[in-house]
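Okay, thanks for coming, everyone. Let me put the structure up and then walk you through it.

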Amino acid sequence: MKDVHVECQRLMDWQELAKGCLIQEAATSLNFKTGDWRSMRPVWSEDKCIQCLFCWITCPDSAIKVKDGKVTGIDYEFCKGCGICAQICPEKASAIEMIREEK
Amino acid sequence: MKVIAKTGNEAMAYAMKQINPDVVAAYPITPATEVVQIFSNYVADGEVDTEFVAAESEHSALSACVGASVAGGRVMTSTASQGLALMHEILYIAAGNHLPIVIALVNRSLSAPINIHCDHSDTMGSREAGWMQFYSANSQEAYDSIIIALKVAETCGVPAIVSTDAFIISHCMDRLEVLEDEEVQKFIGEYNPKYYALDIGKPKTYGPLDLQDYFFEHKRSQIDAFSKVLGTYNKIAQEYEKLSGRYYPAVEEYRTDGAEVAIFTAGSTADTAKEVVDDLREQGRKIGLVRMRMWRPLPIEEIKKALSKFKAVAVMDRSDTMADFGGPVFLETRGILYDLDKRPIITDYVYGLGGRNVEIADIVRVYDEITEVAKTGKVSKPVTYLGVRGEE
Ligand code: SF4
Ligand code: SF4
């Protein structure tokens, strides 16, 4: 796993840095893949899903993939496995199950 | 030149009005309440263009200042004591992001026991936060310092605290010479930060997570920005002298020619001590005064230059380090003098906590004792608690 700094060819000296840890581009979190933090994996079942989008709005990592207003899956490159989506999923649907990550 | 009568708080609010910042976010606290109260009147009366944010706490007030400053605004606030303590976390965030916010502060003791009067424990407790610190001796200096500090802050990308002594300066009416609004505007110029969040054509990332690989380098560059403050300050203070006729060195010497001993102190006590110096000089005593005005960054060479010529120096500290070794000015000054081949003897007087009055007789006593120390070369008591019952 590399973060945005390490993707530079080399680590910079302090004299070369912009003041205050400023990064001269936006949305750098896209370069910081947090998926390998996960110990529990959310597994989504399309059949059970009632498309309420509660999981999408509560996921702290924007890891619920949505297309045309519908959940299409989970982005495991960023999902940290917090389980909020599974908790928030309405009981009658229970469309997300948390399972242990295997090596 | 216009001469008006104003208290310390009125003087600082007036300087803020003439600066006309983009954003002021504040929460009231005695004895600094008036600064933002008066300023909010300027806002209500349309005398400034400032967006005034009445926050729900000092933590929120300074947080709002940080947001406004990152956005690219010229930003100020005011607080005292517990308010500064509550801002403590955000002080580091403002400084670490190089945001040139200016706080008009009134020095007040920290609880417990609860007290609203003057000592310097609030700002001394924040001296490692990365903010410049200026201690004013009177209202005039507070007014001038706000204007100077803002320009230094914006030039260096380092935030600043300008303070006065609670009630002694903040609430006492003083003669004040003020500049015209246009003169202040011309002096400070327009604030054009190189990077700012509202530069929507060039989006950037502010305040990201910074781990083992870069945090240290960013801190090192922050220290470097701080190391350039003093030179910039000296230049801007001279520019200000040309404009106003008033010059404020980082460290002020008063009647030190031929003096063998001196008091080294800050704030309003320095003005009181000047009276004592005049009287004792009349009597032929070889004494002088050195006033600490800028305390962050430490004007190391200036302090060395000012104090090295004496046989003995008595520091008067209006706070204590709780290290059982006196106050912060004493400890840091001792550190600075360590490099000298010939060092003056140095002792400490912790005084005036919680607004305990410092009398002429107290200062005379300090001069008497330090004169004796210089004569005998012996220090019987390195730290004295001056003016507290139960102590000699
Ligand atoms: S487990 Fe947490 S991070 Fe992963 S998709 Fe669910 S809410 Fe998002
Ligand atoms: S919370 Fe459950 S039911 Fe609602 S969209 Fe997400 S997975 Fe589907």
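**Ligands, a helix and some salt bridges**

Let's start with ligand 1: sorted by class, its shell has 9 nonpolar, 2 polar and 1 charged residues. By class I mean that Ala, Val, Leu, Ile, Met, Phe, Trp, Tyr, Cys and Pro count as nonpolar, Asp, Glu, Lys and Arg as charged, and the others, Gly among them, as polar.

Quick housekeeping. This is a predicted model, where local features need pLDDT of at least 70 and side-chain atom pairs count only at pLDDT 80 or more, while totals for chains, interfaces and linings use all residues. Residues are numbered from 1 along each chain as its sequence is written, chains are lettered from A and ligands numbered from 1 in the order in which they are written, and side-chain values use heavy atoms, with hydrogens and water left out.

Back to ligand 1. Among the residues around it are Cys59(A), Cys79(A), Cys82(A) and Cys85(A), along with Lys80(A); to be near, a residue needs a heavy atom within 4 Å. Ligand 2 is surrounded by 13 residues, and the closest are Cys49(A), Cys52(A), Leu53(A), Cys55(A) and Cys89(A). That shell has 12 nonpolar, 1 polar and no charged residues.

Chain A itself is assigned two stretches, domain 1 (1–31) and domain 2 (33–100), with bounds from an automatic or database domain assignment. Their centres, taken over C-alpha atoms, are 30 Å apart.

Over to chain B. Helix α8 covers residues 215–227, 13 residues in total, and spans 19 Å from first to last C-alpha, close to the 18 Å expected at 1.5 Å a residue. That expected span is 1.5 Å times one less than the number of residues, and helices (H or I, at least four residues) and strands (E, at least two) are DSSP runs numbered from the N terminus.

Which residues of α8(B) are buried? They are His218(B), Ser221(B), Gln222(B), Asp224(B), Ala225(B) and Phe226(B). Buried is under 20% relative accessible area, exposed over 50%, partly exposed in between, with a 1.4 Å probe and protein chains only. The cover over these residues includes α4, α6 and α9 of chain B, plus strands β6 and β12.

Another buried spot is Thr333(B), at 0% relative accessibility, in helix α12 of chain B. Beyond neighbours within four places in sequence, Thr333(B) contacts Phe264(B), Trp295(B), Ile303(B), Leu307(B) and Ile346(B), contact being heavy atoms within 4.5 Å.

Asp368(B) and Arg285(B) make one at 2.9 Å, N to O. This pair links distant parts of the chain, 83 residues apart, with Asp368(B) in helix α13 and Arg285(B) in the loop between α10 and β11. Asp368(B) is partly exposed at 37%, and Arg285(B) is partly exposed at 21%.

Asp271(B) and Lys274(B) pair up too, with their closest N and O atoms 3.8 Å apart. Both lie in helix α10, 3 residues apart, about one turn. Asp271(B) is partly exposed at 25%, whereas Lys274(B) is buried at 15%.

Last one: Lys375(B) and Glu372(B) meet at 4.0 Å, Lys375(B) being exposed at 66% and Glu372(B) partly exposed at 41%. Elsewhere, salt bridges with shared partners join Glu141(B), Glu252(B), Asp271(B), Lys274(B), Arg291(B) and Arg293(B) into one network.

Note on methods:
A salt bridge is a side-chain nitrogen of Lys or Arg within 4 Å of a carboxyl oxygen of Asp or Glu.
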